[in-house]
Amino acid sequence: MSEIEIPESHPRYESLLTRHRIEAGVEQGITSQQGLIAHGRGEAFDYLLGEETIPSADEAARVAAAHLLRADYPVLSVNGNVAALVPEEIVTLAGVTGADLEVNLFNRTEDRVQAIVEHLEAHGATDVKGLAADARIPGLDHERAKVDADGISDADVVLVPLEDGDRAEALAAMGKTEIVIDLNPLSRSAQTAAVPVVDNIIRAIPTITEHARDLQDTSDADLDAIVESFDADGVRAAAEARIRGDSLE
Ligand code: PTJ
């Protein structure tokens, strides 16, 4: 039996363990209550994807890695679900790609931003951004507009995980490249992303990290070629086809 009294032989063991992490995140003041609902939405899509990284998602993860390595200033945005599910993994990705981490919340409270910053620091992060909130993303009327002037506001490439909203579009309007991780290929964020990674964040972050390690010594010209040959619409269509059950992938 694990800490959560679920036998490891249970057919949904991994999924139940992940749910428990989200629940624990709420108890620790890291994850919002809405995060529980968001997680349930994600689980349903993951079930339909076969709970695996499909080839198009792996391709998108490689392109995401190329973008992060090629960027002048990449920033990984962290919300309450990301912090609960992949704290160590996202800190590792930041280290491998030279990106900064910034806490950006929809249901923003200063206490929760602080709790997430401390949680990431406990997993090895330093200089986590998000507390200053001294700049705004133009065109957004909600709390996700609040960003750091020397963080997301200054970034050229931003990783936007787990949000079905209008920030990816607003970031694109600022001239930034947005990489979105979302299990729903039809979410607004996935639809407007330059690079939609349709995969569970639990698999996607380590996959992007693995690609970044593989691409570390690749020339800028070759990274540019990887980025330029990417077909975001093709990736969205492949994921939707897999979910609808008419995929040949
Ligand atoms: O911490 P906060 O205050 O910033 O709030 C964060 C949530 C996630 C609650 C907020 O961003 C929200 O309400 O999100 P939505 O609009 O429910 O969108 C979340 C998206 O993430 C949905 O499209 C889900 O399918 C997707 N999703 C959920 N869990 C995962 C996921 N995608 C990848 N991996 C997951 N584990």
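Let's start just past helix α2. Glycine 50 sits there, and its phi is positive, at about 90 degrees. Keep in mind that this is a predicted model.

Now back up into α2 itself. The helix runs over residues 33-49, which makes 17 residues. At 1.5 Å a residue, α2 should span 24 Å, and its end C-alpha atoms are 25 Å apart, so the two values agree.

Which residues of α2 are buried? They are Gly35, His39, Gly42, Glu43, Asp46 and Leu49. Around the axis they cover an arc of only 120 degrees, which puts them on the same side of α2. Here is the background. An α-helix has 3.6 residues a turn, so residues three or four places apart point the same way.

And the other face? Turned away from the buried side, α2 carries Gln33, Ile37 and Tyr47, which are exposed. The buried side has its cover. That cover includes α1 (13-27), α4 (80-85), α9 (201-215) and α11 (232-244).

Glycine 35 is part of α2. Its relative accessible area is 2%, under the 20% cut-off, so glycine 35 counts as buried. Setting aside neighbours within four places in sequence, glycine 35 touches Ile22 and Asn81. Aspartate 58 is 23 residues away from glycine 35 along the chain, and their C-alpha atoms are 25 Å apart.

Next, asparagine 79. Where is it? In the loop between β1 (74-78) and α4. Asparagine 79 is buried, because its relative accessible area of 12% falls under 20%. A polar atom of its side chain lies 3.1 Å from the backbone nitrogen of asparagine 81. Beyond neighbours within four places in sequence, asparagine 79 has contacts with Asn104, Leu105, Ile116, Pro161 and Leu162.

On to the ligand. How many residues surround it? There are 26 residues around the ligand, and Gly80, Phe106, Arg112, Arg144 and Asp182 come nearest. For glycine 80, a backbone N or O atom is 2.9 Å from a ligand oxygen. For arginine 112, a side-chain N or O atom is 2.4 Å from an oxygen atom of the ligand. For arginine 144, a polar side-chain atom is 2.5 Å from a ligand oxygen.

Now the nonpolar cores. The largest has 50 residues, and Leu76, Leu101 and Leu120 touch the most other members. Helix α3, residues 55-70, gives the most to this core, with 7 residues. Look at leucine 101. Leaving out neighbours within four places in sequence, its contacts include Leu76, Val78, Ile90 and Val91. Ala125 and Val128 are also among the contacts of leucine 101. Another core lies apart from the largest one. It has 17 residues, among them Ile137, Val147, Ile152 and Ala190.

One last stop, leucine 215. You will find it in helix α9. Buried or exposed? Leucine 215 is buried, since its relative accessibility of 6% is under 20%. Apart from neighbours within four places in sequence, leucine 215 contacts Arg62, Ala65, Ala66, Leu69, Leu223 and Ile226. Consider leucine 69 from that list. Leucine 69 and leucine 215 are 146 residues apart in sequence, yet 8.2 Å apart in space, C-alpha to C-alpha.

That's the tour. Questions, please.

Terms used:
Residues are numbered from 1 along each chain as its sequence is written. This is a predicted model: local features need pLDDT of at least 70, side-chain atom pairs count only at pLDDT 80 or more; totals for chains, interfaces and linings use all residues. Side-chain values use heavy atoms; hydrogens and water are left out. Helices (H or I, at least four residues) and strands (E, at least two) are DSSP runs, numbered from the N terminus. The expected span of a helix is 1.5 Å times one less than its number of residues. Buried means under 20% relative accessible area, exposed over 50%, partly exposed in between (1.4 Å probe, protein chains only). The arc is that of the directions from the helix axis to the C-beta atoms. Contact means heavy atoms within 4.5 Å. A polar contact is a pair of N or O atoms within 3.5 Å; within protein, one must be able to donate a hydrogen and the other to accept it, and residues adjacent in sequence count only if both atoms are side-chain atoms. A nonpolar core is a set of buried Ala, Val, Leu, Ile, Met, Phe, Trp, Tyr and Cys residues joined through side-chain atoms within 4.5 Å. A residue is near a molecule or strand if one of its heavy atoms lies within 4 Å of it.
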